[in-house]
Each structure stands twice: as C-alpha cells, then as structure tokens.
Amino acid sequence: MKEEEKEKAPPHPHAHGAADAAPPPRARLGDEHGSASVYRVGALEKAIAGFAQRETEAVVNPTVGSFFVSLDEAYEFYNIYSWESGFGVRYGASSMDSHGTKCVQQFVCVCEGKPSKDSDSFCRCECKASILLLRSRDGGWRVCEHQVGHNHPLSKMCAQRSSWRSHSSIDKNTRGLIRQLRENNVPHIDDNDAKNPLSDDIQKTEETFARIKAKDPTFGYTGLQLDSNWRVRPLLWTSGQSLQYQYFGDVIMFDTTYRSDKYGTPFGLFVGVNNNFETILLGGVLMINEKTESYKWVLSQFFQLMGREHPKTILTDRCEAIAEAVLEVLPSTTHRWFKWNVLRRAKDYLGFHYTKTSSFRVGLHKILNDMLTADEFERAWAMLLEKHGLENHPFLKEIYEVRHKWVKAYFSDTFCATLTSTQKSESAKHFLKQHGVPRDCSMELFAEQYEKLRSDQQPDYGFPEQSTTMDEIALRTNLPIEKHASEVYTRPVYEQFVQAIRESEPYVVEAVIPNLRYTARCPSSESREKWSRVQYEVNVREDGEAFMCVCKQFEHTGMLCCHAVKVMIHLGVREIPRLHVMPRWTAKPLQCQMHCRGEPRTDTCQQCRHSAMHDQFIDLARLACEDDRCYEIVMRGIGKLNRELAAAEAVPCRRRNKPASRKPRRKR
C-alpha cells in the first residue's frame, strides 16, 4: 500500500457562513457576464496554456487553491485529471449551511468506501484519493485539500477506451489535445509572444470565411480587426439562411454563454426553429467584450445582414447589457430569458433538493414545462415550496422575484414557437458540443468546425418537407378535422395535433353561451394536481373562425390546445379554422393554405403565384448550380426575364392594379 500524500490549506473562513446563502448581485444565477469576469479564462484553459511550465507529468492537476466557477467545471477538471492518472471519480460527501445552500463538496476516487453486499461496485477498497472544495464569497469553488495516493492498481493513463464510467463524458477533442501535449511537450506561449500566433490565426480564419463565401454568396460576415490590446473586435457572420429567416425568423434565440476559443473570446449563437421542430442555425458572433455598446452593434448588424424585419420575440441569457441593447435596437420585440440559464446553478444552491431523481426537481419542472395560467403557477409554486420546506430559500426567492422574465405562464400570450419547451431550451455550449465544436480550440479551427456544422444544418433547396400526404399517414381517428390537419401540417406538427385530440378525450364540453362560449371540464379531477385547473373556458368568434382558450397555448406556440380541439369536435368542425393554421407550421410555408384550401389558384391568388414561381426557380437553381454551362444558360435567361419585366412595367396595365378576386372564372 502506498503512503498517502496530502496537501492541505487552512479552513476557508466563509465555508459555513450565512453570507454565502444568496449569490452576489451580479454573479447569482450563474451570470458569466459580470464585468469582473469578461476575460476570465477557465481552469482547463489555464492548465493547457501553462503545461510546459509545470513540474508534474499531468497536464491537468487540481492543486490546492485552484478556483472554479461551478461544481460542474470542478468535476470536469478533476475527471480529466483522473483520466490522465488512471482512475475514475464520482461525487462524494457534501455539506449544507443553515440556509440549505451547499457549501462543501468532495470528489472521490470510485474505489472510495467499504465494499458491501448492497453495493453494486466490486472495486471499493477504501481508497482515500480525493479533492475537497469550499464555496467562496463570489459563489465559486476553491480546492482546499487534495489527497493524491491510491491503495489500488491504476489503469492505463490517457486510455483510448474509457476504463471508468466517468471518463465517457470527456470530450474527444480535449482528450486528443492533452495526448498531443504530453507526447510533444508543446512549449508555453508567453502573453508578449502571443501577437504573431493570433495574427496568423485571424488570417487563416479570414481565408476560411472567404472560402465559405465563395461557395455560398448569401453567406455574410463583417471584417476581422484587432484592437490596441490585440483582441479581436466583434466578428459577426450569418449562415446564408435569409430564406429560412423569412419563414421562421419570428422567434430568435441568442445565447452568449459559450466561450469558444483559447483567447477567451465570448461566442454568441443565433438560432431558430423550423416547421419540423428542428433547430436552424442563423448566425454567430465572436466578441471582444460583453458591454451594451457591443451588443447593440451585434444586434443591429445581424438583422441588417439578414435583410428582414425584427423578430416578434427574442430569448437570451440573463444579462443587463443584452437587455439594454434589445430595448434600444429592438423596441417592438418581446425579450425574455432562457429557463435553463436561470436554473443553471440550481444544483449548487439547492443541493440534494435538485438531484435528477428528487421530487422537488420533478415537481418544479412540471409546473415550468406545462402550459399553466399565472394563477395556477402561483398556487403550484407555493404548494411545492411548502411541501419541501423551502419557502425562505434565498435562491428560490431571487428567481421568483423575476419570474415574469422566464416563467412562460407570465408571457403565455407572447409567441415563442417551441423555443420555451424542454427540448429546445438548450444552451449554445450543448448545441456546439453536440456537433463536435471543442471549447478550447483556436479561432481557425472553430471556423472550420462551424463550416461543417453549417453544412449539416443547411437544408436541401426548397425545404424538403416531411411528407404528410394521406398515402403515408394512417389516421388515428375518423375525425375529418384530423384528416385536414394531415393535409396542411408537417408530420411533426400533425403528430402534436393528434396528441391534442387524445388529451381532449376525457373532457366534457358544456355551453355557456351557445355558439360563442364553452367550457371544457375534466371530470376525473381527483387524479390531477391540487393546483391544476379542471375547467377551461373557450371563446368562439361569431363566424366560427377562431377558438381562443384561456390557457393561451395557441398564442404561445401557434398550435391548438386540447381544450379548443375538444370544443371543435363537439361542434362538428370539419376543418381547422384558417386563423389557427399558421403558415410557419405548414408543409409549404409559401403555399396559400388558408385562402385556397391547398388548391393553388395562380390566376387569382398572389401567394399561390409566388409559391408556383418559387418551386420553378428552386428547380432551376438545383440543376444550374452543379454545372458551369447550365449556370450560364440560367443566368442569361434571368437577365432576359429582367429586361422583359422592366419593359412590361413601363407599359400601363389596368389589370395590374386591379385587386385579385378569390372567385374562379366561369368557363364559357
């Protein structure tokens, strides 16, 4: 057995103090945009940059005094260290202060503890290797003790295949970089010598963007420049998705919580959601700082590059600078926060109350994800906190005070598509990591990875929709309204409509004012939550073209709720009213589904004409872009068409100004 080596530091004076119960004003809720941390480089980046100056063989070494912004960052750091050394790690013991806030956390070797019959681990041998972290005043975590020695054989260092379960979460790009550093002993670059590598990196990045621009003329970006401190000025680019923005730019997500490259530059991602519930990449920005003026410039330039009007709603992380910029640049746009960003550090503050299987976490996400009214949320929140004795918890008090900015019950009448749902409220960090963009890469590598990501996100010309024809869909009911939904919606939206039909089955409809106001009541109320409504009021417009429910799901997502669907079925409605068929959720957004009922009338309807010409031109573009000769033929033809149209515009035409009639011509 090896002798244990142990490093200790004096106990932190604020480890168990009440002062740490609530996070500081700018840093709470995990806001990484505080002025003090604008250029903060993470612990992993520091370890990689300073590897050549270390005395140990390991690239990553959690020494006493190492600081981490969150427990997740600390765990990731110690896990990489364990991979280098040849052992696995897991969460160990933790302590809470008098306010229920976690203030002490230990990470241990997986062989820690005594073996027992109930244990599913066969390798526990009371190993003492671990690190102990204490919470600091600013909400971060600092290593106060590091025990190195193991009493068991270690596995292969830097193993290609994961020998321990914890190593499966380590990013493959990080593994490759650390192996390269260990094998080649890459020298440390001093800050004074960083000018040439950065300049070279910028030049290569410009070449990458120029290559993208050559392939796709619709790709746009601002020029790259350096300021007096050799930091990159904001670099903004759009993905050439102006056509997609035209259809799906009504709701935009702008996430700036990801730090992308080794120079500590913040990265922002502009994304939306298309009519198949798929995330679409619209653009990105590399920034030098996170001040209001920078965000104002970024927002104004982005929408200028896209060449379209401002969105109805924009969702961002919690940041005062972004809020001020949105208010000035997008005065008519509704601004709200990501739910995941507000709750990002809930685990640190709530401890065992916020584990994956805790009843509090399950209950919290239920009331946040369900489409509740404001009074339902108030009742549910109070009952949940009372049940778990958390009425006076400072973190929960803090996020409750700003609930109108992130709880959708308070902006249910604001259109957000599906971006407030669980599956779409994901951070840029998760999105980029999912597509293989490493966090610690250079700017050039980031641009190359972004190009690959952009290619993957680029749809085929003409938006190849998931077919919703009757030949491919087996209807679940015999209701005519379901048949109509299968004809106008994309397949994923149709499935949502079918789900609404199923959820409507238990409800009973009662007329309050015949043909104008109805209630949908759930008779099995005993199986529902105590805070939940059992009766929903649905108002019907006099012409029967609108069914508005008190839950406001249609206003928030553009898709009908089960209560409105139940009233439609009760009244024998055979087709979804035109008001409730949002073009952004249809199989062909440009096709005039509402006025012409899916039957194009190019002789009378401008939208149908647009759709017909759009399809023809898309087919031409698909053929011409693959061959130089075909491209020249199409361009000559377009030039000839432009000249003929210009000549036609010069000739007065009475019919051109005459409004199109919806009635078809009679055949003689």
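Tutor: Q147 counts as buried because its relative accessibility is 11%, and buried means under 20% relative accessible area, with exposed over 50% and partly exposed in between (1.4 Å probe, protein chains only). Before going on, note that this is a predicted model, in which local features need pLDDT of at least 70 and side-chain atom pairs count only at pLDDT 80 or more, while totals for chains, interfaces and linings use all residues. Residues are numbered from 1 along each chain as its sequence is written, and side-chain values use heavy atoms, leaving out hydrogens and water.

Q147 belongs to strand β6 (residues 141–147); strands (E, at least two residues) and helices (H or I, at least four) are DSSP runs, numbered from the N terminus. Its side chain makes a polar contact with the side chain of E145, at 3.2 Å. A polar contact is a pair of N or O atoms within 3.5 Å; within protein, one must be able to donate a hydrogen and the other to accept it, and residues adjacent in sequence count only if both atoms are side-chain atoms.

Now to the main part, helix α18. This helix spans residues 562–571, and seven of its 10 residues are buried. Those seven are C562, H563, A564, V565, K566, V567 and M568. The elements that cover them include the helices α15 (480–488) and α16 (491–504), together with the strands β14 (508–513), β15 (517–521), β16 (535–540) and β17 (547–549).

Take the helix partner next. The axes of α16 and α18 come within 8 Å and cross at roughly 75°. That makes α16 roughly perpendicular to α18, a label for angles of 65 to 115 degrees; under 35 is roughly parallel, over 145 roughly antiparallel, and the rest oblique. Axes here are lines fitted to C-alpha atoms, for helices over the stretch in contact, with angles from 0 to 180 degrees between N-to-C directions. On the α16 side, F497, A500, I501, E503 and S504 meet C562, V565, K566 and I569 of α18, where contact means heavy atoms within 4.5 Å. By class, this contact has six nonpolar, one polar and two charged residues.

M371 sits in the loop between α10 (359–369) and α11 (374–388), and counts as buried at 16% relative accessibility. Beyond its neighbours within four places in sequence, M371 is in contact with E376, K408, S412, C551, K552, Q553 and H556. S412 is 41 residues from M371 in sequence, yet their C-alpha atoms are 7.9 Å apart in space.

How values were computed: Nonpolar A, V, L, I, M, F, W, Y, C, P; charged D, E, K, R; others polar.
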